[in-house]
Amino acid sequence: MLSWIQHKWTGLWLLMLALAGLSLFLYGFFPLKYHSGKLGHMDDLPNYIEGVSIDSHEVYNSGENSVVLMVIDGLRYDFVTEEYMPYTGQLIKNKSACIYVSVAEPPTVTMPRIKSPQRKKEKAQWRRTINFWRDIFAMMTGSVSTFADVALNFGAPAVRGDSVLRVAAARGRRTILYGDDTWVRLFPGLWTEHDGTTSFFVTDYTEVDNNVTRHLDTALETDDDKKPKFDFLVLHYLGLDHIGHLEGARSPKIKPKLIEMDEVIKKIHQGMMKWDRKGVLLVCGDHGMREAGGHGGSSPAEVLVPLVVLQTQGVQCPHPLGTGPTVEQVDIAPSIAWLLNAPIPGDSSGKILPSLLPTDIRQHLYLLHVTASHNAKQGLPTDTEFFKQFKRAEAQFARYLSTGQDSAAKIAKEFYEESLIAMSKYLTGNSTDFDVFALGIATVLLYFVVTALLCVTLYSFQEENCRKISITDRHKTSIGSLVAFAIVAIIMAIILTVVCFISETKSQLCSFNPLWSIAFLSIAFALAVTYVLVKTGVEKIKDLSTLRELNAIDYLLIVGTLFHSWSFFGTSFIEEEHMTWYFFWNTLMCFVLARTIVVVVLYFSKRWSGATEVQEKPELENRMSVVGIGIVPQWVLLIALHRYLRTMNQTGDRWLFLPDTADWLNAPENSFYLQGHIVVGTLTTLGICIWNGRHMNNYIHIHSLLTILATACILCYRISTDALYTPIATLRTWDSVAIVNVFWWILIFQVIFEILTYIGSFRPCGIKLPVSNKFTYNKPKEKSEDYFYDQMEEPWNVDDVRLNLARSLSHIMYNQLMLVIVLLMRPHNVVMVPSVYITCVITSKCLDHKLLDARPSRNVDVVDIIGRTLVHVWIGYVFFFYQGNSNSLASVDLGSGYVGLAEYSPVPVAARMGLHAYAGPALAGAAIFCYVAEVSYTWQKYLQAVWRVTNILALQRVYQLVMYCLIAIIFRHHLFVWSVFSPKLLYDFVATVFSLQALLTIAEIILLTHLTSWLAKTITYKRIS
Amino acid sequence: MFSLNDHLELRRVTVSSLVTCVYLPSIITVISYKGLLYSVGKASSFYILALIFVAELLKSFYLNSQNDIQQKKSKGKTKTGDLVKAFCFLLGITFCFFIGIILFGAPFLDNHEETLMLSCLLTLLALFPLVAHIGVEMAMQLLFGVKSFTRDTIIAMLVNNAVFTLCGAWLGAVVIPLDWNTPWQVWPIPCYLGAVGGYLLANVLTVLKVSLMSASTKYKYLNFFVNILNKFHISK
């Protein structure tokens, strides 16, 4: 098992394991029930009650109704009193109307302070949509939404499944909306008529409501038959909520607003009286309001909202006066659906409001039966008490139908009501439960993985000679260790099984059906593997003296990285994660600045005080010669550059709406500067790519040509998308898709060309190679005198060539990555790409231990690698946020997914969006691998450095995952679990996938070098010799 | 860091630190009592800087008094020249602070007034005592680590104060992004108060340490605390 810890890619395998663990975690974290998307049909209505036939269409028929749903945003339960709303209060008092206490879904985010230019409106709109989502979703589909509904729909947050509007449209009902256009976006194409208002200014609380009320008179008008023009009308009033946000629930403006609402109710009620069909008015709030005016919590004032049901034709409220019975928000959907004479929406789990139920006992019982059987069809377990109750009720109902006994009807009604309450509790509860067992197991697995990674990383930090396998180790039989491993695995499996039974969990993981058993066993296997790794690690880590060379900056890097994960215990640190990184990065830049200034001044003062001293202290001269005096001004300019980039995009949550440089650049009058940014960014990238060409083979001019062509493609693409002005008109008409295709072909050709030249396939063509060819095999020196190495030493410089190939491939990868990202970036963000490169280069130069440390030390390889890897991780994160990303799903740039694509296809779009979002980390990660390839002067050193870097990167990634998973478990019932914690979890998942992919790319490059050198050995090698 | 050998210096250090521990909290108390605490970033609060300036000047006179005859002699000759030089140096340092603070994240286009006040405060607390005590050239040499200063108790204290002040201002920025929506989370109040707090903390630590050191001659176990305090002082 020792070989495992020595294997160069163990870190990669462990990262894969961590990804599997994270997937399990996500499975447990996102609620189990997903909406089936089943659509309701009239034919689904039961025609037989325990064998007794009944005419479903006739009994279900609710007659001709027109329903008005009036949603008053932020209407709190205690607002509906005679004091605030006299007319409504009067109606409730004389039992013309019923009032219920409705329990709203806690909304997810509070409304942001919106004052922003056009560009950010999309983000704001998204946030608002999510804000309304849960309440409207519950009211219109009759089921509680899950995070998956939001996450899978982002971009186009429309309700895909069944809803009241869908069934109404299917039955040919006329539906009208006046109010916030979120409704239109949630149910596109389902409205017969709509006038959506956008209300971005929270300070506006009169205009938004007037926009709704202005249509009311025409809508309430009747035609000649005294029938209204609609069947279902939705009015959404936002003014009350806006006042609440502005001035709180005790504001003097609240009362006039409520009286205005009361007037609207009066108007509708009096309008309904004139109809010759039944009119039903439902008045409800979608959420309440805190005393301070906000909402987003789960306190009673925010969650308890009134639901007033008003019916014409003299229907009396059956409930006694008082607070009224408690109903769920999901009950509105089946009620409205029934009133519209439409089937109940497919995923509905509610019941019909009691006051709407008809007095006719047969119909009454039938409706109860319909809702109960509808709920029962949604995968309820049949062995529960409420299901049995439902069956008993059904039996009683059948008895009533056949015999007509009133007692049977009474019993049936009671039983139905009891089972309905239990059913909807089960259904809503089931969809919001976490699979805690899976969460726990996933976190434990991740902990094992992170410990194993720590061991592997520390092991890799040891000096070469400490890692030599001792002779005793070699004599250990592999069979013995295999048996030991098997025993450990079995023990792990047994422990897991015991835990399963002790915890009595309902988790699928413990269901022991064949598919889940595979997962179960592989978890046990993974735990055993990590256990073995940790055990060997603890035994074999003996000498960590290399870590003694860590200096203050390294400690800052390590402590900062460790602390960053802990900061997530505060929600605002998740929302404003960029602030943490900016602060760390500033501190680091400040440290480095102070250190470099000290070194440079010291050097100068020594130099001036006397030349002899410099000669006496060659190491000072040495330290300076690496970087030169220019490092201080360079560093100051770098700080200035970062200051500029930080202003480019406001991100996070609190300051998102402040104007930033990107807004300024995107203003039409400043398009010249925006184009300047594009051109400067693209051309600088071109320059960097050509400069990187020096690491490639001897056909540098061909590489340069290809790079220039690719850059030309990028510029053409920008022209064709109107981002760049050109006097040549024909360029603008070129097809952007074709240009991007050409771009891809150029990149692919470049890689193939490089490998072909390596193999030497151009030699037969008679092209003469320059002397400086990096890919020729030769015998460097005859070492015949050296007896020790004679037998082992390779006579050919295979390793050098291999290193050259790895270098060249790494740089090609880096170049192409830069070009692709330049293509994907938003115009104002193009300058980020060269900035990452410049930052990486200067920082790598400055974080040299030989330069910064006062005393010269011998062995700084390991600490150099640690410092540089961590600093590249930091750079990646900093640029991730510079670019305008945040931990909210709203900041995902959907536009970048469609660059060079004519139509939607999931994989390319997702890959582009991911690469665009993670451009900073990807570039910084590629930079560290290029740097490693550049500075290692032997193949062995290169492999070792790559090994260490891989381990550190994997460790950092998994450490952050583990911490975050733990935090997510602790805060799983937190109010912000949807808006803050879950998106961050998704971001972490994507980040893990991408870091895995990045490390795989490096592994592929090394594999390719092995492969080609093996090829060369078998073919070329013989021919030359 | 401090040696018990030079009792005179030790006494001066203690007295000056004690004075700081008294006058700085009283200024803060008075302005917070007057309800002016959150206006420290405005130019209208310049009188605070003036007060601190006067206090620091008096302290440095005290620290410098009868220092040694040689220095006194040279001082008498080029006093005006020194003053001009020191003034220019401090102005330059203030400007450097100003640029530095903006580079490290202060608002770029507006709030220059607040940033300038903060940089004045930093100069006043961190560098002015040093310059007043040892002169411009020595201060510059100290800043760039050319000369080592560990021998001199007073200078050690001053450098320590400076480092704590800067660290305090730096750490003060941590609270700005939090979503508590309090009135003091406005630029540059946390940094301003952080700098004052850091300076105060350094002085309190000095007093504490000197008293512990003198007490530890009697009670040996107190040495443990002295060692802990020694760790706090940044000696490089």
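Me: What hand does the crossing of helix 6 of chain B past helix 7 of chain B have, left or right?

Reply: The crossing is right-handed. That name applies if the near helix is turned clockwise from the far one by less than a right angle; anticlockwise makes it left-handed. A word on the source: this is a predicted model, where local features need pLDDT of at least 70, side-chain atom pairs count only at pLDDT 80 or more, and totals for chains, interfaces and linings use all residues. Residues are numbered from 1 along each chain as its sequence is written, while chains are lettered from A and ligands numbered from 1 in the order in which they are written.

Me: At what angle do helix 6 and helix 7 of chain B pack, and how far apart are their axes?

Reply: Helix 6 (residues 153-172) and helix 7 (residues 189-216) of chain B pack at about 145 degrees, with axes 7 Å apart. Axes are lines fitted to C-alpha atoms, for helices over the stretch in contact, and angles run from 0 to 180 degrees between N-to-C directions. Residues of the contact include Phe164(B) and Gly168(B) on helix 6 of chain B, and Gly194(B) and Gly198(B) on helix 7 of chain B. By class, this contact has twelve nonpolar, ten polar and no charged residues. Ala, Val, Leu, Ile, Met, Phe, Trp, Tyr, Cys and Pro count as nonpolar, Asp, Glu, Lys and Arg as charged, and the others, Gly among them, as polar.

Me: Why are helix 39 and helix 40 of chain A called roughly antiparallel?

Reply: Helix 39 (residues 919-935) and helix 40 of chain A pack at about 160 degrees, with axes 9 Å apart. Angles over 145 degrees count as roughly antiparallel, under 35 as roughly parallel, 65 to 115 as roughly perpendicular, and the rest as oblique. So helix 39 and helix 40 of chain A are roughly antiparallel. Their contact joins residues including Phe929(A) of helix 39 and Val949(A) of helix 40. It divides into nine nonpolar, one polar and no charged.

Me: How do you know how helix 32 of chain A runs relative to helix 34 of chain A?

Reply: The axes of helix 32 (residues 736-759) and helix 34 (residues 798-824) of chain A come within 11 Å and cross at roughly 175 degrees. That makes the two helices roughly antiparallel. The contact has eight nonpolar, three polar and one charged residues.

Me: What makes a set of residues the largest nonpolar core, and which members touch the most others?

Reply: A nonpolar core is a set of buried Ala, Val, Leu, Ile, Met, Phe, Trp, Tyr and Cys residues joined through C-beta atoms within 7 Å. The largest has 214 residues; Val449(A), Leu923(A) and Val958(A) touch the most other members. Helix 40 (residues 939-970) of chain A gives the most to this core, with 17 residues. A second, separate core has 105 residues, Tyr366(A) among them.

Me: How do you know what share of each chain is buried?

Reply: A residue is buried if 20 or more other C-beta atoms lie within 10 Å of its own, exposed if 12 or fewer, and partly exposed in between; C-beta atoms are placed from the backbone. Of the 1025 residues in chain A, 46% are buried. Chain B has 236 residues, and 31% count as buried.

Me: What is the pattern of chain B along its sequence?

Reply: The pattern is α-α-α-α-α-α-α-α. Chain B has eight helices and zero strands. Helices (H or I, at least four residues) and strands (E, at least two) are DSSP runs, numbered from the N terminus. Chain A has 42 helices and ten strands.

Me: How many residues of chain B are in contact with chain A?

Reply: Twelve residues of chain B are in contact with 18 of chain A. Contact means that C-beta atoms, placed from the backbone, lie within 7 Å.

Methods: Contact = placed C-beta atoms within 7 Å.
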